[in-house]
Amino acid sequence: MIVKKLHVSGIRAERAYTAGFLSIGMSVITWCASPSVGKKGEEGADRLGIFVGEWAPTFFALGLALSTCEK
């Protein structure tokens, strides 16, 4: 139901896959930049990097679901 609504609204599998790869890159960037920017140091960087990194499987799963809907 949600995947069909996303498909009807114009979101395609390629966009979801792109968002997945971007979230991986964003995870690495936030993990590297966080210790120097934040007050929490390495712990905060690890938490933020892991949080953003967990988005990638969600976007890849959405991409897979959208690709089956497109067929």
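A residue counts as buried here when its relative accessible area is under 20%, as exposed when over 50%, and as partly exposed in between, using a 1.4 Å probe and protein chains only. This is a predicted model, in which local features need pLDDT of at least 70, side-chain atom pairs count only at pLDDT 80 or more, and totals for chains, interfaces and linings use all residues. Residues are numbered from 1 along each chain as its sequence is written, and side-chain values use heavy atoms, leaving out hydrogens and water.

Let's start with two residues from two helices (DSSP runs of H or I, at least four residues, numbered from the N terminus).

S27 and L48 are 21 residues apart along the chain, with 7.6 Å between their C-alpha atoms. Beyond its neighbours within four places in sequence, S27 is in contact with G49, V52 and G53; contact means heavy atoms within 4.5 Å.

Now for helix α4, which covers residues 55-70. Its 16 residues reach 22 Å from first C-alpha to last, close to the 22 Å expected at 1.5 Å a residue; that expected span is 1.5 Å times one less than the number of residues. Which residues of α4 are buried? They are A56, G63, L66 and S67. Seen down the axis of α4, the buried residues fall within an arc of 100°, so they line one face of the helix. The arc is taken from the directions from the helix axis to the C-beta atoms. P57, L64 and T68 are exposed on the other side of α4.
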